[in-house]
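Hi,

Here is the structure I promised to pass on to you.

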Amino acid sequence: MMVLGHDHVRVDGRDKVTGVARYGVEKRPDDALHAWAVRATVARGRVTGIDTEAALATPGVVEVLTWRNAPRLEDADDDELQVLQDDHVAYRGQVVALVVAETLEVAREVASTLDVRYETEPHDVALAIDHPGLYAPEQANAGADTDSARGDVEEGLASSSHVVEAVYETPALFNNPMEPHATVAWWEDGALRMVDSTQGTTPTAQTMATLFGLDEPQVRVTAEHVGGGFGSKGTPKANPVLAAMAAKVTGRPVALAWTRQMMFGLAGYRTPTISRVRLGADADGRLQAISHEAFSQTSRLEEFTEQTAEYVRHMYDSRTALTTHRVTQLDVHTPSWMRAPGECPGAYAIESALDELAHTAGIDPVELRRRNEPEVDPETGAPYSSRQLMACHDRAAELFGWAGRDPRPGVRRDGHWLVGTGVASSSYPAMAAPSGARATALPDGTFRVGVNATDIGTGARTVMLQAAAEELKVEPEQVDLHIADSDLPHGAVAGGSSGSASWGWAVAKACRALRSRMATERVPDEGLEVVVDTAEDLKGRASLARFAYGAQMVEARVDVRTGEVVVPRWVGVFAAGRILNPRTARSQLLGGMTMGLSMALHEEGLLDERFGGWANHDLATYHVAANADVGDLTIEWLPEDDGELGPLRSKGIGEIGIVGAAAAVANAVWHATGVRVRSLPIQPDKLLDRLPG
Amino acid sequence: MRAFDYVRPDTEDEALALLAEPGTSALAGGTNLVDLMRLGVARPERVVDVDRLGSTEVVERDGSLWIGAGVRNSDLAAHPVVRERLPALSRALLAAASGQLRNRASTGGNLLQRTRCVYFMDPTKPCNKREPGTGCPAVDGLSRDLAVLGHSEHCIATHPGDMSVALVALEAVVHVRTAEGDLSIPAVDFHRLPGDEPHRDTNLPAGALVTAVEVPLTPLAGRSTYRKARDRRSFAFGLVTVAAALTVEDGVVADVRLVLGSVAHKPWRATVAEDAIRGRAASGSVFDDAVRAELAAARPTDQNAFKVELARRLSVATLHELAGGRA
Ligand SMILES: Cc1cc2nc3c(=O)[nH]c(=O)nc-3n(C[C@H](O)[C@H](O)[C@H](O)COP(=O)(O)OP(=O)(O)OC[C@H]3O[C@@H](n4cnc5c(N)ncnc54)[C@H](O)[C@@H]3O)c2cc1C
Ligand code: SF4
């Protein structure tokens with residue numbers, strides 16, 4: 001039977017579109033209280049007083065938690081989670097109190113009128129390339145090295161025939177999943193139970209256990225349906241902590257959800273990034289030097305360094321290379337994971353700079369990439385498990401009609417439109433993390449499989465069912481799948497495009513082990529069960545560079561009357577190992593590319609330095625691409641059989657679509673207009689006065 | 001959100017009596033007011049639901065189209081007379097908000113929608129419009145989307161709507177009922193400039209009800225159009241919008257209307273430009289010169305200077321398209 005690799009509708013699709021599926025706070029017990037967060041209105045300082053008396057006197061109010069009366073927490077290695085532990089305000093919008101009431105309306109009104117007094121201190125909220133606070137962190141995110149150098153990049157630049165030097169900027173970006181962060185928490189005999197909108201119930205349970213001084217089995221977190229995360233629910237934010245505290249103090253279940261406005265200040269975000277890129281190439285376009293210096297911000301509470309320069313380290317060959325990360329602490333909330341952290345802003349900078357180099361050197365941008373294909377990972381020297389970057393470009397070129405492209409910028413006019421095309425590469429590491437799984441054969445011939453996957457809308461539930469059915473050699477209908485429950489064997493977080501590979505590995509291992517036992521054992525009445533873990537298997541893997549690749553080609557049209565940009569045509573071709581379910585894979589790639597379009601043209605957190613926080617904090621003022629912005633998207637993937645990836649032979653497709661996407665758009669806008677916008681998003685005001693007419 | 005009383009009167013007289021009390025707001029489709037209440041920007045003690053009182057009729061009478069205050073934006077946009085004889089109005093409505101919002105939004109409520117200035121929308125920050133006397137942080141702050149014409153040191157907000165820009169170009173009249181009697185306010189005078197009273201968006205007397213909008217069905221109106229430049233292809237407020245109408249006889253402009261949206265506290269009727277165009281050849285640099293003359297009065301901030309150039313390009317292009325029969 002072949003189940004994996006075939007189109008399978010989402011098993012929970014019908015429940016979702018008919019409203020039967022319940023999310024987060026919709027799953028609260030009837031007697032649940034409602035909590036509402038009160039947020040600091042100063043960017044830095046101290047809380048000097050909170051008039052809780054008036055609030056507590058309001059009918060319906062059950063409790064007001066402040067730093068004075070909130071339960072004390074243990075250290076869980078993330079100071080952003082130390083909510084209501086002292087009187088310090090580290091950023092505008094930080095939670096300074098929690099109102100708990102019988103109804104949502106009362107909680108909200110009392111929270112919005114609570115009298116909180118502050119002592120303010122001067123604040124600093126703006127990142128700059130020359131910010132005096134910039135320093136070299138010990139590490140960037142995900143274990144990436146802070147700095148790395150190969151040869152002497154200054155010499156490489158000096159000896160180059162063609163040099164490009166430019167600074168590229170991306171603004172603060174917000175994940176904004178449809179379902180906000182939300183938790184229902186209650187306590188039963190000293191044990192904590194929660195329904196949380198999270199990308200991983202195992203890490204959430206572990207963190208809650210640490211914070212509340214519990215053993216891990218005393219915490220159970222479930223997340224049956226999660227309305228998206230894009231990384232923002234990859235690590236717990238303040239919501240589960242506050243809900244658990246309120247439930248503890250009141251002795252009742254407590255429901256807490258962020259509003260859309262709060263999603264811009266309490267849910268993490270992608271830091272603004274500044275990239276100084278220098279590329280040098282010889283007369284033939286062979287890179288002699290790559291230098292990528294990346295700058296980003298973090299909070300005063302926690303260090304989070306976007307690994308922006310990590311992308312190029314593994315991507316293109318160069319005789320010399322230098323990559324650095326510098327970060328500065330500001331009076332802002334802590335940035336966090338957002339779809340392709342590091343790779344996304346990094347590829348925007350590098351793929352844009354390559355386009356500039358192609359123009360300077362007079363070489364077709366696809367050809368320039370071809371000339372700099374590495375034999376082995378330039379950073380580590382490890383061979384690639386598979387690398388079909390140029391095959392992706394070639395197929396994309398065929399689909400798009402790239403051949404014969406006129407390289408000159410700003411010369412194609414169609415009525416009031418200037419027309420151009422652009423290209424960028426995409427790449428994302430193919431990772432896997434240890435996971436456990438449980439497989440049980442039942443006497444009636446059906447199976448139960450438990451794996452702590454989380455389905456954040458990606459289709460993970462469906463794909464895990466396919467994996468189990470394939471390995472057990474039964475129909476999916478014969479498998480009863482359990483996911484998203486921290487009582488299951490430990491599962492990896494739904495992040496890093498590694499979920500399917502990680503959980504699937506454990507599912508395959510459990511099912512294979514079960515089948516081999518079934519070959520010799522009878523299934524007893526209580527069922528035959530195996531429990532496995534993949535930690536050892538992962539350790540035993542060869543040292544290889546494992547990455548997925550892609551090529552994106554875009555047509556952009558710019559209206560000379562207004563500077564408005566439209567993208568009518570877009571081709572993305574990817575090589576990402578085995579595609580487990582074409583339907584759900586396509587929607588991930590399409591979603592990633594669309595989010596990249598949105599990053600290129602629309603998304604921007606606006607800062608007013610005088611106030612701190614983000615000035616725009618709703619979806620009317622923080623634009624994401626609308627349906628009308630998305631043109632004709634063509635998505636294909638290449639066959640790829642890579643035996644070095646684990647039993648599912650898949651690379652992960654959740655993030656790669658956004659990598660390089662914004663550069664492809666920016667390059668096409670340049671080709672259309674001759675205007676190089678190096679600071680996203682590309683909005684009419686950045687083009688208008690340089691357009692003809 | 002503050003607890004409030006909700007009343008649904010059966011007659012306009014009852015509604016007017018209720019609206020006379022301070023702390024009372026009229027509610028129609030609720031797409032603006034309810035948002036502002038949730039945010040704590042509007043905090044009425046009492047909400048008077050006039051949604052079912054407003055006429056939902058669109059009728060042709062005495063050479064005009066009469067549009068009831070309760071007519072939904074989507075119904076109005078699709079009305080055959082509007083589509084054929086008032087194209088600027090239909091296009092303006094369809095350029096606004098989203099399908100869902102247009103299904104809900106009323107004609108009266110649309111006229112009275114409030115600014116989208118980010119400080120106005122955030123009760124944790126000062127704003128003269130929301131809380132008179134607290135100051136205007138937008139003047140030296142985030143002003144990219146705000147006014148370039150007719151603003152004051154007290155407020156640089158814009159009227160963000162689309163429909164009213166077209167109504168001004170079409171020389172519509174807003175019909176109003178007050179406790180003292182009926183009023184007719186020309187659309188061009190309905191919204192006001194901020195001056196030193198930025199909390200007042202319009203010249204509608206307190207407690208009054210908009211009952212209908214009357215739009216003359218002239219040949220000029222039939223040669224009108226609406227253009228909206230924005231940051232995304234749909235569901236975005238305008239950066240600059242243009243409602244224009246033009247008739248040409250023997251290569252000479254017989255009549256013209258030019259109104260700019262999203263550039264001022266009210267739809268900006270470009271009378272300087274209109275006067276410079278009327279009776280002149282509909283070609284060459286006439287339109288450009290005229291629009292430049294109009295925009296000479298612009299006083300942009302660093303952040304919104306582009307809107308002046310955008311207004312120029314969009315106006316000139318739209319006028320040329322109308323002159324060439326292409327709009
Ligand atoms: C996300 C979003 C995007 C939007 N985009 C656009 C856009 O691009 N362009 C655009 O033009 N608009 C846009 N809008 C605004 C929308 O057009 C208005 O919200 C809508 O027209 C208001 O109509 P309503 O009937 O819902 O008014 P309500 O919200 O019910 O009322 C609005 C105001 O009008 C008053 N009012 C209502 N009826 C009367 C009456 N008969 N007499 C006196 N006072 C009355 C109310 O007291 C209130 O102050 C957008 C709105 C949203 C939420
Ligand atoms: S521009 Fe007007 S609405 Fe905006 S902050 Fe200033 S006073 Fe308030």
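Let's start with B:Asn103: is this residue buried, exposed or partly exposed? It has 14 other C-beta atoms within 10 Å. Being called buried takes 20 or more, and being called exposed takes 12 or fewer, so B:Asn103 counts as partly exposed. Keep in mind that we are looking at a predicted model. B:Asn103 belongs to helix α6 of chain B, which covers residues 99-104. Setting aside neighbours within four places in sequence, B:Asn103 is in contact with B:Arg72 and B:Ser74. In sequence, B:Ser74 and B:Asn103 are 29 residues apart, yet their C-alpha atoms are 5.2 Å apart in space.

Helix α6 turns up again around ligand 1. Which chains does this ligand lie between? It lies between chains A and B. On the chain B side, the elements giving two or more residues to its shell are β2 (24-27), α2 (33-39), α6, α7 (107-111) and β8 (209-216). There are 32 residues around ligand 1, and B:Gly29, B:Ala96, B:Gly108, B:Gly109 and B:Leu112 come nearest. Sorted by class, that shell has 16 nonpolar, 13 polar and three charged residues.

Ligand 2 has 15 residues around it, with B:Cys117, B:Tyr119, B:Cys127, B:Cys136 and B:Cys155 coming nearest. Here the classes are twelve nonpolar, two polar and one charged.

Still in chain B, take a look at helix α13, residues 306-323. Just after α13(B) comes B:Gly325, which takes a positive phi of about 70°.

Now for the place where the two chains touch. Chain A puts in 29 residues and chain B puts in 25. On chain A's side, α3 (104-113) and α16 (684-687) each supply at least two residues, and α3(A) gives the most, with four. That side of chain A is made up of ten nonpolar, nine polar and ten charged residues.

Over in chain A, find strand β15, residues 320-330. Why call it largely enclosed by the rest of the structure? Because eight of its eleven residues are buried. Another partner is β7(A) (residues 147-150), which runs antiparallel to β15(A) and is joined to it by four bridges. Look for A:Arg150 standing opposite A:Ala321.

Finally, the domains of chain A. The assignment gives domain 1 (24-122 + 176-264), domain 2 (141-172 + 270-430 + 543-690) and domain 3 (433-533). How far apart are the centres of domains 1 and 2? Taken over C-alpha atoms, 36 Å separate them. These two domains do touch: 19 residues of domain 1 are in contact with 22 residues of domain 2. The domain 1 side of that contact divides into five nonpolar, eight polar and six charged residues.

Happy to go through any of this with you.

Cheers

Note on methods. Residues are numbered from 1 along each chain as its sequence is written. Chains are lettered from A and ligands numbered from 1 in the order in which they are written. This is a predicted model: local features need pLDDT of at least 70, side-chain atom pairs count only at pLDDT 80 or more; totals for chains, interfaces and linings use all residues. Two residues are in contact if their C-beta atoms, placed from the backbone, lie within 7 Å. Ala, Val, Leu, Ile, Met, Phe, Trp, Tyr, Cys and Pro count as nonpolar, Asp, Glu, Lys and Arg as charged, and the others, Gly among them, as polar. The expected span of a helix is 1.5 Å times one less than its number of residues. A residue is near a molecule or strand if its C-beta atom, placed from the backbone, lies within 6 Å of it. Two strands pair if DSSP finds at least two bridges between them. Domain bounds come from an automatic or database domain assignment.
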